[in-house]
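The plan is to look things up piece by piece and jot down what turns up.

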Amino acid sequence: MPVHNKEIAAVFYEYADLLEIDGANHYRVRAYRNAARNISSYPHSLSDMLNRGEDLSQIPGLGKDLAKKASEVIKSGKLEQLEELKKRLPEGLIQISRLPGLGPKRTSSLYYKLGITSLKQLEEAAREEKVRQLTGFNAKTEAKILEDIQHHRESEESNKRYKLSLVQELVRPLLDYLRRTKGVIQVEAAGSYRRQKETLGDLDLLVAHKKGSGVMERFVEYEDVVHIASKGSTRSTILLRSGLQVDLRAVEEASYGAALHYFTGSKSHNIAIRRIGLKQGLKINEYGIFKDEKKVAGKTENEVYAKVGLPYIQPELRENKGEIEAAQRGQLPRLITLKDIRGDLHAHTTETDGHASLEEMAEAARKKGYEYLAITDHSRHVTIARGIDEKRLLKQIESIDSLNQKLKGITILKGIEVDILEDGSLDLPHEVLKRLDLVVCAVHYKFNLTAEKQTQRIIKGIDNPYFTILTHPTGRIIGEREAYSLNMEELMTAARETGTVLEINSQPDRLDLTDIYAKIASEMGILISISTDAHNTNELDFMRFGVGQARRGWLETTNVLNTRSLKKLKQIMNKN
Ligand code: DGT
Ligand code: CA
Ligand code: CA
């Protein structure tokens with residue numbers, strides 16, 4: 001992808017801001033801003049010019065030095081000096097400088113004169129009337145700062161997305177509560193919740209009821225409601241204590257399918273379906289399907305799809321990412337379900353950072369009806385989790401062997417979650433790994449390597465003959481940590497060539513692989529394991545999140561390793 005002029009300008013602007021906060025010479029700051037402005041409005045692409053070997057220093061305001069910086073950004077996507085400065089200056093300063101009335105200059109004086117490095121500290125200083133004492137500030141600007149911080153918080157709050165796991169906890173009691181209303185026929189969660197997205201903007205509920213059921217009154221009286229944003233006879237919106245917004249729509253039974261389809265979305269799926277309908281002379285909305293003003297369908301979703309000549313499309317697929325074309329060709333995937341899962345291939349015990357013993361985990365997995373559970377405690381490098389060394393691992397192997405003799409109906413597999421060290425070697429010697437049924441491998445430190453180094457590190461790991469599964473392959477934590485830089489295509493190619501399995505980690509704040517990568521991997525013929533990484537017996541239930549993610553990634557039973565019988569599983573793992 002070529003770097004656009006606007007992107008180069010953005011890097012220069014950011015650098016100028018940070019320089020100014022840092023108290024740099026103002027000519028220098030101005031030079032960068034000036035260059036940014038000129039680049040951003042320059043009529044030709046600097047990337048293309050550089051490719052053609054043209055001289056960037058001819059561009060007004062650039063000169064030799066800044067032309068060199070611009071080509072650095074074009075070639076590497078970043079400016080090393082900016083990265084350095086970012087490392088040196090506290091992160092909160094940028095946030096402060098972006099408050100409407102502040103900017104870099106004032107941020108600089110807040111930082112150097114009052115030591116303020118975060119919005120929180122700024123708020124405190126303003127409350128204590130310390131800010132007004134600085135040159136360039138007064139009581140009025142101080143009050144404005146407090147106001148702006150408040151606004152900033154509110155807008156962050158409104159951009160906030162909620163993890164599926166949290167919303168699931170809130171949904172169940174609320175649905176039960178609504179179901180107990182007289183006149184309510186059916187209640188369901190639609191929207192991104194029904195599509196099993198990993199995070200949700202708000203929750204959309206749909207009720208089929210008899211007119212006059214009073215369900216709206218009951219909805220706004222729910223005990224967890226802190227604010228009623230709107231209340232009408234067909235639609236109301238409330239805010240729960242957690243901050244989650246919930247929309248409720250009420251329709252008559254005859255429209256339920258059409259409404260469910262409409263409010264499940266996604267919006268772009270709906271639009272595509274409506275367009276197909278239009279070509280056939282059908283009007284589709286949340287009340288039903290109409291031909292010449294006459295309602296021809298609407299009670300069930302099946303009817304909606306059937307009327308436009310399509311088979312039913314599962315909610316997890318409704319993103320307009322090829323599902324409609326697949327449906328037209330009769331090639332929709334037969335999505336994996338929770339019932340297809342025969343065991344869990346990633347779990348911890350009290351031997352490292354788990355909270356249940358080997359026996360307790362085994363018993364919980366047996367109760368779930370699993371054929372197998374792999375115990376994969378951390379290896380020694382993860383010292384904070386009391387990672388196990390050779391000696392302790394050999395002891396655990398013995399314990400599992402003797403437990404297996406006693407257990408009925410389930411087999412405990414001997415495994416480990418071994419660290420892929422920085423040089424790509426695994427944290428335990430071959431002689432020990434050899435004795436295990438499977439080796440789950442993970443990156444747990446040095447997240448900030450370049451994409452090339454990180455990719456090579458993992459690929460080298462994969463080359464180890466005992467490497468079975470790459471767990472949480474990208475390392476992202478939802479809302480907290482970005483994936484580390486990685487060349488996924490290269491990584492997946494290596495995985496395919498070696499028969500390496502990639503994991504969908506079912507921890508609700510990981511869900512790593514993402515749906516998109518899971519789909520690509522399976523299309524490449526890579527096997528996926530869906531595992532919980534359970535640290536206690538309850539977390540074995542996280543499997544449902546992993547399966548949800550897998551369904552969003554179009555996975556079928558055959559794409560998933562732990563849908564195999566124990567015998568098959570062992571055959572596959574031994575081949576590697
Ligand atoms: P979210 O809440 O951001 O996680 O995502 P959704 O998909 O739940 O979106 P939301 O809550 O805004 O709307 C719920 C559904 O309602 C959405 O998936 C499709 C439907 N919908 C909303 N606005 C429109 C629209 O303008 N046109 C169409 N066709 N459908 C819409
Ligand atoms: Ca929603
Ligand atoms: Ca909504």
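**Entry 1: a loop residue**

Which residues does Thr234 touch, not counting residues up to four places away in sequence? I looked it up: Thr234 touches Met216, Leu248, Arg249 and Ala250. Contact here means heavy atoms within 4.5 Å. Thr234 itself lies in the loop between β5 and β6. Met216 and Thr234 are 18 residues apart in sequence, and their C-alpha atoms are 7.8 Å apart in space.

Ground rules, before I forget: this is a predicted model, where local features need pLDDT of at least 70, side-chain atom pairs count only at pLDDT 80 or more, and totals for chains, interfaces and linings use all residues. Residues are numbered from 1 along each chain as its sequence is written, chains are lettered from A and ligands numbered from 1 in the order in which they are written, and side-chain values use heavy atoms, with hydrogens and water left out.

**Entry 2: the five-stranded sheet**

I traced an open sheet of five strands in the order β2-β4-β7-β6-β5, with mixed pairing. My notes on terms: helices (H or I, at least four residues) and strands (E, at least two) are DSSP runs, numbered from the N terminus, and two strands pair if DSSP finds at least two bridges between them. At the edges I found β2 (184-189) and β5, each pairing on one side only. Neighbouring strands in this sheet are turned by 20° against each other on average, direction ignored.

Two helices pack on this sheet. Helix α10 (residues 164-179) touches β2, β4, β6 and β7, and its direction makes about 175° with that of β2. Helix α13 (residues 256-264) touches β2, β4 and β7, and its direction makes about 175° with that of β4. For these angles, axes are lines fitted to C-alpha atoms (for helices over the stretch in contact), and angles run from 0 to 180 degrees between N-to-C directions.

Next I checked the hairpins. β5 (residues 225-231) and β6 (residues 235-240) pair in the antiparallel sense over five bridges, with three residues between them in the hairpin. Ile228 stands opposite Ile238 in β6. β6 also runs antiparallel to β7, joined by five bridges. There, Ser236 has Leu248 in β7 as its bridge partner. This second hairpin has four residues between its strands, and Gly243 in the turn has a positive phi of about 100°.

**Entry 3: two calcium ions**

Which residue bridges the calcium ion (ligand 2) and the calcium ion (ligand 3)? It's Asp202, and the two ions lie 3.8 Å apart. Donors are N, O and S atoms within 2.8 Å of the metal (3.2 Å for Na, K and Ca), and water is not among the atoms, so sites may look incomplete.

Ligand 2 is coordinated by Asp202 (O), Asp202 (OD) and Asp204 (OD), at 2.2 to 2.7 Å. Ligand 3 is coordinated by Asp202 (OD), Asp202 (OD), Asp204 (OD) and Asp247 (OD), at 2.3 to 2.8 Å. In sequence, the donor residues of ligand 3 are spaced D-x1-D-x42-D. Asp204 lies in strand β4 (residues 203-209) and Asp247 in strand β7 (residues 245-251), so the pair ties together parts that are 43 residues apart in sequence.

**Entry 4: a three-stranded sheet**

I then found an open antiparallel sheet of three strands, in the order β8-β9-β10. β8 (283-285) and β10 (294-297) each have a single partner strand, so one side of each is left without a neighbour in the sheet. Neighbouring strands here are turned by 35° against each other on average, direction ignored. Three bridges pair β8 with β9 (residues 288-291), and Lys283 stands opposite Phe290 in β9.

**Entry 5: two packed helices**

On the α1 side, Ile8, Val11 and Phe12 meet Leu66, Lys69, Ala70, Val73 and Ile74 in α4.
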